[in-house]
Amino acid sequence: MFDKVIKLFMSFFKIGLFTFGGGFAMIPLIEKEIVDTRKWIHREDIIDLFAISQSIPGAVAINTATLVGYKVAGRIGAIVATAGVALPSIVIISLIAVFFREIADMKIVAWIFTGINAAVILLIFHAAIRMGKVAVKDWITGILFVVTVIVVIFTNISPIILIVAGGIIGAGLFYLEKGEHE
């Protein structure tokens, strides 16, 4: 158990070092480490954990680390994974705060962040494609996916409303399917 807890901390610490762009940019890193490398969680399950992490208050990366840690090693796993993913950000933000005045106007810093932003967009796009491949299971989920994308692109409807609506639609479809089998 101790070995698994140490590996949880180290895995999420490594993920936390590359938090640029926030939790959504970390999704492919988390998936690769937790599903492909460590094989702690199946691909279908990690998609569900990502969905839950996005649906509850808090940062996606922190929420996902907590849920994965709990699933892998219980309460101590949740605490250790959360600490692992948060610690690099705390250290980096503290260092930036100390040196911000000296580096804020440097052109190299602006160019570094321009490059990081481009990479973050690609990571988020990559995560969306991978999650879509697992989440879109049939024509109904395909239609829901397309409708949601259209609504997000062309309206200002809050993502919270879309998440709640998706849950309600999913529950309704469950009860419709359940009724057909009775």
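Select Lys-7 and Asp-3 in helix H1 (residues 2-16) of this predicted model. The two residues are four apart in that helix, which means a separation of about one helical turn. Their side chains meet in a salt bridge, with an N to O distance of 3.2 Å. Lys-7 is partly exposed at 32% relative accessibility, and Asp-3 is likewise partly exposed, with a relative accessible area of 48%.

Next, select Arg-43 and Glu-31, whose side chains form a salt bridge at 2.4 Å, N to O. Arg-43 belongs to helix H3 (residues 43-55) and Glu-31 to helix H2 (residues 23-37), so this pair ties together parts that are 12 residues apart in sequence. Glu-31 is buried, its relative accessible area being 1%, whereas Arg-43 is partly exposed at 24%.

Proceed to Arg-38 and Glu-33. The closest N and O atoms of this salt bridge are 3.2 Å apart. Glu-33 has 5% relative accessibility and counts as buried, because the limit for that class is under 20%. Arg-38, with a relative accessible area of 30%, is partly exposed.

Finally, select Phe-100 in helix H4 (residues 60-103). Phe-100 is partly exposed, at 48% relative accessibility.

Key. Residues numbered from 1 in each chain as written. Predicted model: local features only at pLDDT ≥ 70, side-chain atom pairs only at ≥ 80, totals over all residues. Heavy atoms only, no water. Buried < 20%, exposed > 50% of the residue type's maximum accessible area, 1.4 Å probe, protein only. Salt bridge = Lys/Arg side-chain N within 4 Å of Asp/Glu carboxyl O.
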